[in-house]
Amino acid sequence: TFDLEAKRQEIMQGSTDVLNVNFYLNPEEAKNKASSFLPAQYTSQTLQGQFYTRIENTANSCYVIEEVRFTTFPTPKITSATINPVCDIDYDGNAIIDLTATNYQIENIRFSEATISYFEDTELTIQIPSENLSNYPVSNNKIIYIKAENSSTLCSASAPLELIVNLPPVFNSISTIEVCDNDTNTYDLSQ
């Protein structure tokens, strides 16, 4: 989807003339000032193409028509992002998780062009520093976010990643077992 309203404002910015700016699919419509101009949010069905901009001075009706070429880059799509739960060893609900062990499936991107980042928040503003990726501290369970970005197009996608810390089982303490030395060097644990 192209934000043509933003492009319209960009074209008019700084002009001392009052401009009327509209976008069309072909040059004939632009020339004839057809009423079939494109909406402010235009979604193209093709990956490459062009549309035409009619820029008109409203004071004297003089206009120019400019061709605008576009290329649509596919956005990465994270189809899954998981990491194995970890076990807490001291019953405090805290553990260290290696985020580099995340299993993720990304479509529409070659891995050589993928940059993977991890974030604390849904807005993707608090990035987890790279030095913490292999020893990320987690209390109980937590959701962080993984972002895949195509390094050549800067198109990106994100997905939640649930981090789970499991507590070890609760059990009765085992007392010291005292046994006399015997011929078989064994002790019957069912006693």
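This section describes the strands, aromatic rings, salt bridges and surface of one protein structure.

The structure is a predicted model, in which local features require pLDDT of at least 70 and side-chain atom pairs count only at pLDDT 80 or more, while totals for chains, interfaces and linings use all residues. Residues are numbered from 1 along each chain as its sequence is written, and side-chain values use heavy atoms, with hydrogens and water left out. Helices (H or I, at least four residues) and strands (E, at least two) are DSSP runs, numbered from the N terminus.

Two strands are said to pair if DSSP finds at least two bridges between them. Strand β4 (residues 48-57) pairs with strand β5 (residues 63-71) in the antiparallel sense, over nine bridges. Within this pairing, Phe51 has Val68 of β5 as its bridge partner, and Arg54 stands opposite Ile65 in β5. The hairpin of β4 and β5 has five residues between the strands, and Ser61 takes a positive phi near 65 degrees there. Strand β4 also pairs in the antiparallel sense with strand β2 (residues 19-24), over six bridges; here Leu19 has Asn57 of β4 as its bridge partner. Burial is assigned from relative accessible area: buried means under 20%, exposed over 50%, and partly exposed in between (1.4 Å probe, protein chains only). Strand β4 is mostly covered, with eight of its ten residues buried.

Aromatic contacts were examined next. A pair of aromatic rings is described by the distance of the centres and the angle of the planes. Rings of Phe, Tyr and Trp (its six-membered ring) pair if their centres lie within 6.5 Å; planes under 30 degrees apart count as stacked, over 60 as edge-to-face and the rest as tilted. A search of the whole structure finds seven aromatic pairs. In one of them, the ring centres of Tyr42 and Phe51 are 6.2 Å apart and the planes lie at 75 degrees, so the pair is edge-to-face. Tyr42 and Phe51 are both buried. A charge sits over a ring if NZ of Lys or CZ of Arg is within 6 Å of the ring centre and within 35 degrees of the ring normal. Arg54 lies over the face of Tyr63, at 3.7 Å from the ring centre.

Salt bridges form a further set of contacts. A salt bridge is a side-chain nitrogen of Lys or Arg within 4 Å of a carboxyl oxygen of Asp or Glu, and by this rule the count comes to seven. Glu10 forms one with Lys7, with the closest N and O atoms 3.3 Å apart. These two residues are separated by about one helical turn because Glu10 and Lys7 are three residues apart in helix α1 (residues 4-12). Lys7 counts as partly exposed, at 34% relative accessibility. Arg69 and Glu67 also meet through their side chains in a salt bridge (3.5 Å, N to O); Arg69 is exposed at 61%, whereas Glu67 is partly exposed at 39%. Another salt bridge joins Glu120 and Lys142, whose closest N and O atoms are 2.7 Å apart. This pair links distant parts of the chain, since Glu120 lies in the loop between β10 (114-119) and β11 (136-139) and Lys142 in strand β12 (residues 142-150), 22 residues apart. Glu120 is partly exposed, with a relative accessible area of 28%, and Lys142 is partly exposed as well, at 27%. Salt bridges that share partners join Lys33, Arg54 and Glu56 into one network.

Helix α1 also holds Arg8, which is buried, with a relative accessible area of 12%. Arg8 and Ala40 are 32 residues apart in sequence, and their C-alpha atoms are 8.8 Å apart in space.

The surface was searched for patches, made of residues with over 30% relative accessible area and no salt bridge; like charges are joined within 9 Å, and nonpolar side chains (Val, Leu, Ile, Met, Phe, Trp, Tyr) within 5 Å. Accessible areas come from the Shrake-Rupley method with a 1.4 Å probe; for residues, only the protein chains shown count as cover. Ile177, Val179, Tyr187 and Leu189 make a nonpolar surface patch of about 400 Å². Ile177 is placed in the segment after β14 (165-166) and counts as partly exposed, at 44% relative accessibility.
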